[in-house]
Amino acid sequence: MCIRALALIDKSIYQAEAFATHSNSISAELEKGHIKSSQSGFERGIGIRVFKDGSMGYAHASLERVEFAVEKAISAARAGSPDKDFKSLSIPESYPTVTGTWDHSIASLDVATLAQLAIDVADASRIDKRVNIINSGASVGLWSGAIANTLGVVGTDSGTQVALDVDVIAHEGGASGNGFEYAASRRFDLDTELIGLVAGEMALGSMNPRPIQSGKMPVVLDPLAVGPVIAAAVTVSAEDAQRDRSFLTGKISEQIAVNGFTIVDDGLLSGGLETSPFDAEGVPSQRTPLVENGVLRSYLYDSYTANKEGRKSTGNASRGDFRQPPSISPTNLIITNGTETDVIEEVRRGIYVRATGDRPNMSTGEFSGMVYAGYAIEDGECKHALKQTNIGINVLDLLKQIDGLSQDVTTYFGLTTPTIRATDVSVASSG
Amino acid sequence: MQELSENRADIEDALSKARERGAQFTDIRLESSEDTSISTKDGITKINSSNELGAGIRVFLEGAWGFAYTTSVDRQGLANCAERAVSLAKAVYERAENFSIDVPVFEDTVKATVQRLPTKVSIADKLNYVLCQEQEAKETDERISSTEIGYNDVVLHKIIANSEGTYIDETVVRSIARAMIFAKEGALRQSGYKAKGDSKGFELFLDGADIGRIAASQAVSLLDSKPAPSGQFEALLDPSLSGVFAHEAFGHASEADAIISGTSILEGKLTQKIGSDAVTIVDDPSLQSYGYMAYDDEGVQTRRKVLMVHGILQTYLTDVETGSRLGLGSNGSARAQRYDTPPIVRMSNTFFEPGDYTFEELLDGFSGIYFVGWQYGYTTPTTGMLTFKSREAYVVERGELCNHLRDAALSAMTLEVLHNISAVGQTLAFDPGTCGKGGQMTPNTTGGAYMRVSDVVVGGM
């Protein structure tokens, strides 16, 4: 289909790329322990990107209307402004083999099995009479995709994914606490017992939240909180660096974090949620150290930003689906684990951040945000849930104040990370 | 654009197929849309121009919903999709909690009343607007280091039909432009943001909508700012922050699906006083603004809903299911992102009604933090913990603006903070935005006036 689309385009005038996907998904959702809905999706679409003198035009359509999308993309490319920095789309290269991205047993799951999975995870979260289910859900998706461009790139890939989520509430007297957990895998191997248990324990531990005394103190970041606070800050797109928008612009080869901090972008990770042989432009996936022993090593590149610097793309072009043109984004991120079996035990007075919905200001590196779920630590133990508590620190200071990384790691949304402790973070609470 | 009005017989056919297969209730949303997105970053343009055509079909059976969608919208495609939705509902309904639904029936055709239909405006004209905004941003100050303007328009034609007889043929037009501008001085970088969006056509941009210059000025002015302090403060919110406050602090908790699932702090609080006398909050999808719709995505006519009057909770936002289960009826609050997602309870244009105070009166004698320009916000409905962040803020001492601040985060508890709103200004202003819930994004408007709030926690550095 991609080749057929490109055949409609005059290669002497345009460079063009076609990306087609075919996806199937089913899901089941529970509300208060009862089945509420089931869904099924089936979609085949194509996205066409056309360049004329560097001016990009994009259009998408369902597979029945490829000619239409080609025509739209060409007229969009003709309408835009030329860009002398655009050198070329990606060129043909051989692709690495990836493993663990397809599971036949997922392909054969039906909606009744998924409903049962959602029920199982809900049941597992009811670890105590005080815990009630808000909702839970299970979904599976399988897709196959193909990419081709007018320079001869051709690639195909396919994958499976299963995901579970559960949201619970605990009540006792007038008190209540919220707990949740998510998990996703390329294989049918999710542990419903463990997922339910984490949510149930979190709900019980979140009852009776209280503020604490404000001040500077150690902060322990749960793997779920490491993503928005640390990983988001150090995965800088080359586009932002080249446009001088990032606080990490010009800091390549500088020591930006403690020696023990290493983060790698790995598009080849076996079984990784973001693993594929090639990126959204058909560039081979690779393993790219971003921060190595505290030293900033690389930004994330697509072919445009790489060509601009005369270097190789890191294979970080990405897209949600065929509706969007590629943009730069991380693949699987891995933060190297440490040696501590308990990162809380040495903390006399501090906080544990389970989740925050905030993100750093990528221009300044400043992070200030609410502790969406978290606990006060006293004498090495999580004592009570936090109410109305905010944290604030510049990520460049935070990275140099990391003094503990756990031995065990957890994966959330493509980031595999230990629990991380930092020494001196400003905490504001209503207490 | 595909002409949908010819599909009525195919839609009726799919509805009757579903009924024959055992559906108690079926609805179909058939959508055809045409949209253009243009972005420019430092003069480099990207243009995305696309069409969508598809249908989503929902089947209800004894308390369970089955949902399926398709891009094949001919008679056979719709019938197959309806049958898939029936199979899904049948596969799970025995494990559902049985309830019945009351579906109001409407039949209407609603045309968009815009002056410049985006599909009749050339890409060159749209691009010219974007490039002009970028040029104006660059010319604002020599410290402007990077510019980004985004433009998006959509013409969305939908048919919403159901097995009870509803047949709505509605066309919605929306346009929005956003400017994100960066300034740099020495090693310090700052950014500014401004958006303009409405349920209008290209005429929206013909009245000197200078978003580029406004965002650029904000970025430059922040170059002398300090990070916000942390601690407990009195707050003065500008209208954009008041709007996010109405949406986050209250709006999400008033969505009836949260009441049913037991995740809202507003459960059981109808007719109770939960805010100060100064607080009146409205959600109005019928208002011509970015979140406008004449009929919701279940084909129910929308109307202005006064959710809270002088601090007393009046009603929740309901769709067909939650309205039936709570005995309130649907008040037209069902929205779906696109044909491939099922409708859920959502806000539209949500705002505080204005009060009596002038800005000068609100500032007079005030000491605390004055928040300017919203960035984003979020909430946990279960506990009522909320937070939102402003781009700018000022330390105010006895009515005098002192230190200029950036990225001030405010957090509070809904049921406490609604009582702490002590004074509301006279002039109502709206901002366009995008709200995410259950993985679905919808266009929304938030609005309010200047507002004084006591005892909030400010998170700074």
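A cavity here is a set of grid points where a 1.4 Å probe fits but cannot get out, and its lining residues have an atom within 4 Å of such a point. Keep that in mind for the later stops. The model on your screen is predicted.

**Stop 1: chain A**

Select chain A and colour it by secondary structure. The trace spans about 70 × 55 × 35 Å.

What share of the 431 residues in chain A is buried? Buried residues make up 60%. Look at the contacts next. Take those in chain A with a separation of 6 or more: 71% of them come from residues 24 or more positions apart.

**Stop 2: two loop residues in chain A**

Select A:K32. This residue sits in the loop between β1 (15–31) and β2 of chain A. A:K32 is not a glycine, yet its phi is positive, at about 50°. Is A:K32 buried or partly exposed? The relative accessible area of A:K32 is 40%, so it counts as partly exposed.

Go on to A:N208. Find it in the loop between α5 (192–205) and β7 (215–221) of chain A. A:N208 has a positive phi of about 50° too, although it is not a glycine. With a relative accessible area of 47%, A:N208 is partly exposed.

**Stop 3: chain B**

Count the elements: 9 helices and 22 strands. A compact globule of 461 residues would have a radius of gyration near 23 Å, and chain B agrees, with 23 Å. Along the principal axes, the C-alpha atoms of chain B fill a box of roughly 70 × 55 × 35 Å.

The accessible area is about 15,600 Å², with 46% belonging to carbon and sulfur atoms. Of the 461 residues of chain B, 64% count as buried. Among contacts between residues at least 6 apart in sequence, 73% join residues at least 24 apart in chain B.

**Stop 4: a phenylalanine inside chain B**

Select B:F245 and show its side chain. B:F245 belongs to helix α5 (residues 239–251) of chain B. How accessible is B:F245? Its relative accessibility is 0%, so B:F245 counts as buried.

Which residues is B:F245 in contact with, leaving aside neighbours within four places in sequence? Show B:L237, B:F250, B:F352, B:F388, B:V417, B:I421 and B:M451. Pick out B:M451 from that group. B:F245 and B:M451 are 206 residues apart along the chain, but their C-alpha atoms are separated by 10 Å.

**Stop 5: the largest cavity**

Rolling a probe the size of a water molecule over the atoms shows where empty space is left. How many cavities of 30 Å³ or more are there? The count comes to 3.

Begin with the largest cavity, which holds about 160 Å³ of space. Its lining has 15 residues. Select A:S206, A:Y372, A:A373, B:T383 and B:M385, which lie nearest the centre. Two elements give two or more residues to this lining: β6 (175–185) and β16 (373–378) of chain A. Which of the elements gives the most? The answer is β16(A), with 3 residues. Colour the lining of the largest cavity by residue type: 10 are nonpolar, 5 are polar and none is charged.

**Stop 6: the second largest cavity**

Move to the second largest cavity, with a volume of about 80 Å³. It is lined by 13 residues, and those closest to its centre are A:A61, A:S62, B:E52, B:T71 and B:Y339. Trace the strands next. β2 (34–52) and β3 (55–62) of chain A, along with β2 (44–61) of chain B, each supply at least two lining residues of the second largest cavity.

Colour this lining by type as well. The lining of the second largest cavity divides into 4 nonpolar, 4 polar and 5 charged residues.

Technical notes. Residues numbered from 1 in each chain as written. Chains lettered and ligands numbered in written order. Heavy atoms only, no water. 1 Å grid on protein atoms, 1.4 Å probe; cavity = no way out; pocket = protein on both sides within 12 Å on 5 of 7 lines; lining within 4 Å. Points joined across faces, edges and corners; volume = space filled by probe spheres on them. Helix = DSSP H or I, 4+ residues; strand = E, 2+ residues; numbered from the N terminus. Nonpolar A, V, L, I, M, F, W, Y, C, P; charged D, E, K, R; others polar. Buried < 20%, exposed > 50% of the residue type's maximum accessible area, 1.4 Å probe, protein only. Contact = heavy atoms within 4.5 Å. Rg over C-alpha atoms; globule rule 2.2 N^0.38 Å. Areas by Shrake-Rupley, 256 points an atom, 1.4 Å probe, with all protein chains shown as cover.
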